[in-house]
Amino acid sequence: MADNAVKLSEQSLVLFMDYGQIYIYGDDDGFGRETDLLELAMASRPAYSEGTVVIVLSPHQNNFNMHTTVEVWSSRPTSDREKWQQVSESFLTVGPQGSISFDSPPGGEFIVCDVPEGSYLVEIAGRGFVNYGWPGSTEPGDVWRVHMWPAGGDEVRPSLQWDMPGYGVPVDEPIPEPIPRPQRDIESKWITIYGENGEPSRVVQISDLRAEAAERERQEWGGDPMPELERFQSGKELARMDRPLVEAVVRMNVATLRRLAFWAAVQAYEHAGLADRDWVRPALNAMHVGQQLPEPFGNRTAAFEHLYEEEFGAGTDNVELEVKIDSGPFAATGVQSVRSREYSCPVLRSQCDFRRDRIGPVDRSGQCIGNGSSHVREGYPHVVRESAS
């Protein structure tokens, strides 16, 4: 009790209460959880709170004209429990919206009351009860009061329930045990896979489908999947091409990974014939000493525009590139120089992001190797092999 507690605000409300339940929301996170929390409230009458909503059980089944006062105090006010028939205390967090909301089943008739954001202890008190259950009318006349004050280190006090003459108080209802569902052997279930593009349909077990999917995954990775590279777009391609190298990259420490990333970025520009251009060399030098990249590498768009202007002239848009693919898995001929130069821009930017720790070192090293070589298809095996040394 705080003798110097100060009442900061008081608001009078008229609520619609039905089904013997009052919901007090402090934050939007409480919406939709009423059914689960109701079981807990019935197991610990007369109220329950998990921090974002308080479920209060009223002795009366309903009161469609329930007068309620909400008072916010600077600290716990002087107790007057002897004047009330039901009293409960709960913790409630008021969100950044700066208000609490009252509702009752079937829901949707929210009454909003301004309360500053914060963590509160809430005392909910009611009186004027005539019966547990149906009170004889829809406006039985019970009244309620809500006291709120900053929680601080205060403790919740025991609840008080109305002791109805000739009846007593309701007994807490234990939370029902969940009904166990029969176990189903999903893996042995048979399903029909309808064929596509002229292929026949087939009937298979789910376990067989999982095995087929696992085998396809192994083929894509060239072996067991590597979780460390799952987020990296070209991780599977690199693993198929040179798995020992990728496994070595995954085992590298951060310092070695950084050196590898630097090397891959330089290789991309040298292979594309861009490394010695007057606007590229300063960026490569800056990369090695950890400085911010100079223009036009402030963003990818500017770097691309600069490259296109040099290759095709100012104002050239939508350049069409013709690439001829032969039967080799990584062979390509045609306008290879433009493609290799085009993809050199993002690899240096990616490496700069790595320097600034914006992404994990394994991901960034793999990205630099991939960006630095996959676009130059006939040079890809060469670049990957050299990175192993």
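Analyst: A polar contact is a pair of N or O atoms within 3.5 Å; within protein, one must be able to donate a hydrogen and the other to accept it. Keep in mind that this is a predicted model.

User: Fine. Which backbone oxygen does the side chain of S49 reach at 3.3 Å?

Analyst: That of V53. The S49 side chain also has a polar atom 2.7 Å from the backbone oxygen of F91.

User: Where does S49 lie, and is it buried or exposed?

Analyst: S49 is part of strand β3, residues 47-49. Its relative accessible area is 19%, and the cut-off for buried is under 20%, so S49 counts as buried.

User: What does S49 touch, leaving out residues up to four places away in sequence?

Analyst: V54, S90 and F91.

User: Switching to rings. How many aromatic pairs turn up in the whole structure?

Analyst: The search finds seven. One of them is Y23 with Y25, an edge-to-face pair with 6.2 Å centre to centre and 75 degrees between the planes. Y23 and Y25 are both buried.

User: And F129 with W162, why is that pair called tilted?

Analyst: The planes are at 45 degrees, with the ring centres 5.8 Å apart. Planes under 30 degrees apart would count as stacked and over 60 as edge-to-face, so the F129 and W162 pair is tilted.

User: Where do F129 and W162 sit in the chain?

Analyst: In distant parts, 33 residues apart. F129 is in the loop between β9 (118-127) and β10 (143-150), while W162 is in the loop between β10 and β11 (190-193).

User: Buried or exposed, F129 and W162?

Analyst: F129 is buried at 7% relative accessibility, and W162 is buried at 9%.

User: Which cluster do ring pairs link F129 and W162 into?

Analyst: A cluster that also holds Y132, W144 and Y167.

User: Now the surface. Which residues form a nonpolar patch?

Analyst: F31, F110 and V112 form one, with about 260 Å² of accessible area together. V112 is in strand β8, residues 111-114.

User: Last topic, the chain as a whole. What are the totals?

Analyst: The protein chain has 10 helices and 14 strands. Of its 389 residues, 43% are buried.

User: What share of contacts between residues at least 6 apart in sequence joins residues at least 24 apart?

Analyst: In the protein chain, 70% of them.

Key: Residues are numbered from 1 along each chain as its sequence is written. This is a predicted model: local features need pLDDT of at least 70, side-chain atom pairs count only at pLDDT 80 or more; totals for chains, interfaces and linings use all residues. Side-chain values use heavy atoms; hydrogens and water are left out. Helices (H or I, at least four residues) and strands (E, at least two) are DSSP runs, numbered from the N terminus. Buried means under 20% relative accessible area, exposed over 50%, partly exposed in between (1.4 Å probe, protein chains only). Contact means heavy atoms within 4.5 Å. Patches are made of residues with over 30% relative accessible area and no salt bridge: like charges are joined within 9 Å, nonpolar side chains (Val, Leu, Ile, Met, Phe, Trp, Tyr) within 5 Å. Accessible areas come from the Shrake-Rupley method with a 1.4 Å probe; for residues, only the protein chains shown count as cover. A salt bridge is a side-chain nitrogen of Lys or Arg within 4 Å of a carboxyl oxygen of Asp or Glu. Rings of Phe, Tyr and Trp (its six-membered ring) pair if their centres lie within 6.5 Å; planes under 30 degrees apart count as stacked, over 60 as edge-to-face and the rest as tilted.
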